[in-house]
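Me: Hi! I'd like to go through this structure with you, one piece at a time. Can you help me read it?

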Amino acid sequence: HILIIGALGQIGTELTIALREIHGEANIFAADIQATGSGPNYLCLDALDHQQLEKVVKEHGINQIYLLAAMLSANGEKDINAAWRLNVQSLMSVLQIAKEQKLDKVFWPSSIAIFGHNAAKHNCRQHARAEPVTVYGISKKAGEHFCNYYFEHYGVDVRSLRFPGLISYTAPPGGGTTDYAVDIYHQAIKNQHYSCFLKEDCCLPMMYMPDAIRAILELMDAPKENITIRTSYNIAGMSFAPCDIAAAIKKHIPDFTMDTQVDFRQAIAQSWPASIDDAQASADWGWKPGYDLQSMTKDMLENLQR
Ligand code: VAH
C-alpha cells in the first residue's frame with residue numbers, strides 16, 4: 001500500500017489521483033493535516049507526528065511513502081523555524097520509518113531553490129554549486145543529503161526530483177515564489193488583468209503539473225540500478241518570464257493586460273537559475289518534458305474556463 005503525505009497540496013492532489021488510477025483506490029492512503037480531506041482511505045495525519053506515522057504505516061501495511069508536505073519559499077521566509085521543522089523533520093521521520101519498516105521506496109521533492117547566486121544562471125547543471133538563499137532552499141538541500149545518507153548507510157530506496165515552479169489548475173499552490181504563474185491564469189479569466197509580483201523579464205524554470213506527475217511516476221518505476229543520483233535529480237520542463245506567459249495568454253484573451261508590483265519574492269526569484277540542465281535525468285531514466293508554454297497555456301485556460 002502507498003501513503004501520500006500532503007495529499008491535499010498542489011502536487012499531492014494530482015499525485016493522489018494518478019496513483020489511485022494506477023494502483024486502485026484500495027491501495028492508496030491519502031493523508032494530510034486537514035481533517036477535511038475526502039475520498040477513500042483519507043487519513044488526518046500530522047507529518048511531524050512520528051508515533052502516528054509509524055502507527056499508520058504498520059496498521060495499513062504501507063510499503064511506499066510519497067512525502068509532499070512542505071512549506072514553500074515565500075511562506076518559509078515568514079517563519080523560518082516552522083519551515084525548517086516541517087520540511088526537514090518530516091523527512092527525517094519518514095526516512096527513519098522507511099529504514100525500520102524496510103519500506104520498498106520513498107519519494108520526496110526537492111527544488112531548484114537549492115541553487116543560489118553563484119550557480120550558473122543558464123543550463124544550471126546537476127552538480128552546480130548549491131548555496132541556497134532561502135530557508136526553504138536550505139531545508140531542501142539538507143533534505144537531499146539526508147536522502148543520500150539513508151541510501152548509503154541503510155539502503156533506503158528514496159528518490160527525489162528538484163522541481164522547478166509547478167503550474168496546475170486542480171489545487172492552488174501554497175506560498176511559493178513561482179505562484180504568479182498559476183495566479184495569472186485565474187486573473188486573466190476573472191479580470192482580464194494581472195498585477196505580477198515579479199519583474200516582467202524574470203525568467204524562471206517551470207513545469208506543467210502533468211509533466212511533474214509523470215516525472216515522479218517514471219522516476220519511481222525506473223530500475224533501482226539506473227538511479228545514479230541519490231541526492232536529487234535536476235529536472236526541466238520549460239523556462240519563461242512573466243512577459244512570455246502574458247503574451248501566450250493574450251493569444252487566447254486579446255484584452256488581457258499585465259502590470260508589475262514587485263515585492264520581496266523578486267529577490268528570491270533572481271537568486272535562482274533561469275534554466276536547468278537535466279541531462280542526468282534523461283540519461284538515467286529517459287526524462288523528456290511534454291508541455292511547452294503554448295500547450296500549457298491552452299490546457300490551463302480550457303480547464304479553468306470549463
Ligand atoms: C516555490 N513553487 O516557489 C516552489 C518551488 C522552484 C519554486 O520550489 O517555492
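Reply: Happy to! Let's start with helix α5, which covers residues 135-154: its 20 residues reach 27 Å from the first C-alpha to the last, close to the 28 Å expected at 1.5 Å a residue. That expected span is 1.5 Å times one less than the number of residues. Helices here are DSSP runs of H or I with at least four residues, strands are runs of E with at least two, and both are numbered from the N terminus.

Me: Before I go on, what kind of model is it?

Reply: This is a predicted model, where local features need pLDDT of at least 70 and side-chain atom pairs count only at pLDDT 80 or more, while totals for chains, interfaces and linings use all residues. Residues are numbered from 1 along each chain as its sequence is written, and side-chain values use heavy atoms, with hydrogens and water left out.

Me: Thanks! Which residues of α5 are buried?

Reply: Among them are Val 135, Tyr 136, Lys 140, Glu 144, Cys 147 and Tyr 150. Buried means under 20% relative accessible area, exposed means over 50%, and partly exposed is in between (1.4 Å probe, protein chains only).

Me: And what covers the buried residues of α5?

Reply: The cover includes α3 (73-78), α4 (80-100), β5 (105-111) and β6 (158-163). Contact means heavy atoms within 4.5 Å.

Me: What about α4, how many residues does it have?

Reply: α4 has 21 residues and reaches 30 Å between its first and last C-alpha, close to the 30 Å expected at 1.5 Å a residue. Its buried residues include Ala 83, Asn 87, Leu 91, Val 94 and Ala 98.

Me: Where are they, and how accessible?

Reply: Asn 41 is in the loop between β2 (28-32) and β3 (42-44), and its 28% relative accessibility is why Asn 41 counts as partly exposed. Gln 192 sits in the loop between α6 (180-191) and β8 (193-196), and Gln 192 is partly exposed, with a relative accessible area of 33%.

Me: Great. How about the whole chain, how many helices and strands are there?

Reply: The protein chain has 11 helices and 12 strands. Of its 306 residues, 55% count as buried. Among contacts between residues at least 6 apart in sequence, 80% join residues at least 24 apart.

Me: And what are its spans?

Reply: Along its principal axes, the C-alpha trace of the protein chain spans about 55 × 40 × 40 Å.
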